[in-house]
Amino acid sequence: MKHNFTYFIREGIRNMFSHGFMSFAAVGITVACLLIMGTFSLVAYNANENLKDLQRENAILAFVDESLTDAEAKALGAKLSSLSNVAECTFVSRQEARDNYVSQYDEDDLYADLDAGIFRHRYVIHLTDMERMGATVAAIRQVEGVAKVRADEDISNGFMTVRNIAGVISVALIAVLLVVSVFIISNTIKLTTFDRKDEIAIMKMVGATDAFIRWPFVFEGLLLGLISALVSFGLQWLLYRAIAQGISMSDTLQILRVVSFEQIYRPVAAAFMAVGVGVGVGGSLMAIRRFLRV
Amino acid sequence: MIQLKDVCKTYDNGTCALQGVSFTIEDGEFVFLVGPSGSGKSTIIKLLTGEVIPTKGVVMINGISMTHISERKLPYMRRATGVIFQDFRLIPGRTVYDNLALAMHVVGSSRREIQNRIPYVLDLVGLSGKERRYPDELSGGEQQRVAIARALVNNPGTIVADEPTGNLDPIRSLEIMTLLERINALGTTVVVVTHERGLVNQFDKRVIMIESGVLAGDGMGTYEVKG
C-alpha cells in the first residue's frame, strides 16, 4: 500500500490547492482560534507561575505573645506545624528579627544600638495552598500564644483571581474555538468534497473502498491543521515575546515574572500541533462521512 | 457468469421496475440487453453493480450473490465489472492518463504497473498519443473510448455498457460497438444495454429483451419491436 500513500498525500495536496481560497480561509480562522486559545492558556500559565512564586515568597508572620518564655515560644512551633495547610514553619527569635531588620535598613549605622527586646519572637509560615490562606490565618490566630498574625491576603487573592479568571476563560475559549475550528475546516473540506461528489461516485463505481476515498481528504485536513499549527506557533512566539518585553519595560507590571518562551516552547508546540492536527483530521472525517454514501 | 433468478425490484416509491426476470450470461458472451425507455434495463445495470439490491430473487456474479453482499465486499465485487455510461462520466479536471490511473490506483496498482498498462489499453481503444488530453478536448466518440479504456484498465471479466452510444452519431456508435465486439473477442464478457434497434441489428448477437419489467425475449438474432 506504500504507493497508495504517496498517491493519497499527492491528492491531499492537490485538493488543498484546487480550493486555494477556502484552504486559506480555513488556515486563517484556525490560526486565529489557536492564537486566542494559546494566548489565554499562556496568561493562565503565567498567572499560576506568579502565584507559585508568591506562595514561596509570601510567608505569614505569626508573632508570639511577649508573656511567653523563650522555651514556651519555641514549643509553639509544633502546634503551628500541626495545623492543616502549613507547609513550613520556621522560628525566628527576637535577636534574629532584630539582626534582619538592621541589615535591611541600617545604611548609616542608625540602628546599631537597637535593642532586640522591642522585637517579638515570631514564626515564618509557608502554606501549601494559597487559596486556603484566610482559613489558615484564622486557625493560626486561634493558637494560644500567638499575639498577632500578618498576611498579605489581598495580593495573593488578586493573583488567584487573575489565575482563576484566565483559567476559566481559557477553558471556555478553548472549547468554543475548538468547535469553531472543527466546523470551519469541516465546511472547507465539505465544499471540496461536494465539488468532487461526481468524482467520488465514479471512484465508487470503479471499486474504490471508503478508506481509499477518505484518505486524501484526511491528508488535506491534516495538512491544513499542520500549516495552521505552524503559522500560529510562530505568531504566538512573536506575540508572547512582544508582551513579555512590554511587561518588563512597564513601571507597574514589571513585578510580574513572565516565563521565557524558550522555556515552554516545546509543550506549546506540541499542544498547537495536537490541536491543529486533531481539528484538521476531525473536520475532514466529519465532512467526508456524508459523501461516502453513494 | 451472470445469473438473475426470478428477480423482482420495487423501489421505495412503489415503482415496480422488474418482475420475475431470469436469465444467465455465460463467460465470454456478448449480449445486448434491449427494451424501450423505462422498461427496467437500467435497474438491471444497478443490480449488477450493487447500487440496488433485488426485492426478491437472486443476482449472482461469478457465483457470488449481489443480494447478500456486505458493504465492505461490494467495492471488490465492482472491480470485477467494468461499467461504461452514456454520459462517459470522466473526471473533467484530469487528463486521459489520470482518469485511467485513478481506476488503477483504486485497486492498489503500483506506479510501474500503471505506466505499463495505460499505453496498452489506450492503444487497444485507438487513443494512443492522447494521454495528456483533457476530456473536454476530445470528441464524444473519443471520450467514450476513454470510458471504455477505464472500464478495461483493470482487466475485468465483464464489461457492462449502459447506453454507450446514446450521445454519439451513427458512425461513432458503430465504431464503439465494433470496439466492444473486439474486446469481447479477447475474452471479456460484454453486456450492452441499448434501445437502438438499428445498431443491435447490425450485429448477430444474443438479444435479451425487457419490456415493462418482464423478460419479453431472449435469443440470437435481431431486436424486433413487438406489436
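Biologist: What pattern does chain A follow along the sequence?
Modeller: Chain A reads α-α-β-α-β-α-β-α-β-α-α-α-α. Bear in mind that this is a predicted model.

Biologist: How many helices and strands is that in chain A?
Modeller: Nine helices and four strands.

Biologist: And the strands, in what order do they sit in the sheet?
Modeller: The order is β2-β3-β1-β4 in chain A. The sheet is open, and the pairing is antiparallel.

Biologist: Which strands stand at the edges?
Modeller: β2 (86-92) and β4 (146-150) of chain A. Each has a single partner strand, so one side of each is left without a neighbour in the sheet.

Biologist: How much twist is there from one strand to the next?
Modeller: It averages 20°.

Biologist: Which helix packs on that sheet?
Modeller: Helix α3 of chain A, residues 70-81. It touches β1, β2 and β3 of chain A. Its direction makes about 175° with that of β2(A).

Biologist: Back to the pairing. How many bridges join β1 and β3 of chain A?
Modeller: Four. β1 covers residues 60-64 and β3 covers residues 122-127. For one of the partners, look at A:F63: its bridge partner in β3(A) is A:R122.

Biologist: What share of chain A is buried?
Modeller: Buried residues make up 31% of its 294 residues.

Biologist: Let's switch to chain B. At what angle do α3 and α5 of chain B cross?
Modeller: Roughly 25°, and their axes come within 8 Å. That makes α3(B) roughly parallel to α5(B), because angles under 35 degrees count as roughly parallel.

Biologist: Left-handed or right-handed crossing?
Modeller: α3(B) passes α5(B) in a right-handed crossing.

Biologist: Which residues make the contact?
Modeller: From α3(B), B:V96, B:N99, B:L100 and B:A103. From α5(B), B:V146, B:A149 and B:R150. By class, that is five nonpolar, one polar and one charged.

Biologist: New topic. What is phi at B:E163?
Modeller: Near 45°, a positive value in a residue other than glycine. Most residues other than glycine have a negative phi.

Biologist: Where is B:E163?
Modeller: In the loop between β7 (158-162) and α6 (170-185) of chain B. B:E163 has 19 C-beta neighbours inside 10 Å, so it counts as partly exposed.

Biologist: And what about phi of B:S212?
Modeller: Phi of B:S212 is near 50°, again a positive value. B:S212 is in the loop between β9 (205-211) and β10 (214-221) of chain B. With 14 C-beta neighbours inside 10 Å, B:S212 counts as partly exposed.

Conventions:
Residues numbered from 1 in each chain as written. Chains lettered and ligands numbered in written order. Predicted model: local features only at pLDDT ≥ 70, side-chain atom pairs only at ≥ 80, totals over all residues. Axes fitted to C-alpha atoms, helices over the stretch in contact; angles between N-to-C directions. Helix = DSSP H or I, 4+ residues; strand = E, 2+ residues; numbered from the N terminus. Parallel < 35°, antiparallel > 145°, perpendicular 65-115°, else oblique. Left-handed = near helix turned anticlockwise from the far one by under 90°. Contact = placed C-beta atoms within 7 Å. Nonpolar A, V, L, I, M, F, W, Y, C, P; charged D, E, K, R; others polar. Pairing = 2+ DSSP bridges. Buried ≥ 20, exposed ≤ 12 C-beta atoms within 10 Å, placed from the backbone.
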